[in-house]
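This report describes one protein model for a reader new to it. The sequence and structure come first, and the description follows.

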Amino acid sequence: MSPRVRVSAWPCGRQRPRSMQTSPLVASRLPCALPTGHDGPHEDAIGQTWHDPNPELEYALGVALAADLLRWAFADDTKDNR
Ligand SMILES: [Zn+2]
């Protein structure tokens, strides 16, 4: 009996973002095998799923982290800033 592999006629093809790739890289670089326009998380041919990162959340986190780094860089070290 051969393994069950799902491949649709027009697969989504989206690949996991580089930040989400884990070892072994060959397995984590498989593209999404679900049909184009599917709902929910992406899923590759071996059943691993992932969500696309939220660009608004990434932007908000980047601004918050940059503000925190600037605050830390210009903090007065002579005071107790707790
Ligand atoms: Zn997909």
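Tryptophan 10 lies in the segment before α1 (25–28); helices (H or I, at least four residues) and strands (E, at least two) are DSSP runs, numbered from the N terminus. The model is predicted: local features need pLDDT of at least 70, side-chain atom pairs count only at pLDDT 80 or more, and totals for chains, interfaces and linings use all residues. Residues are numbered from 1 along each chain as its sequence is written.

Tryptophan 10 counts as exposed because it has 8 C-beta neighbours inside 10 Å. A residue is exposed if 12 or fewer other C-beta atoms, placed from the backbone, lie within 10 Å of its own, buried if 20 or more do, and partly exposed in between.

The protein has two helices and two strands, in the order α-β-β-α from the N terminus. Helix α2 (residues 55–73) has 19 residues, and none of them is buried, so α2 lies largely in the open. Buried residues make up 5% of the 82 residues in the protein.

Confidence is given as pLDDT, the predictor's value for each residue from 0 to 100.

| Item | pLDDT |
|---|---|
| Protein | average 86 |
| α1 | lowest element mean, 83 |
| β1 (residues 42–43) | highest element mean, 96 |
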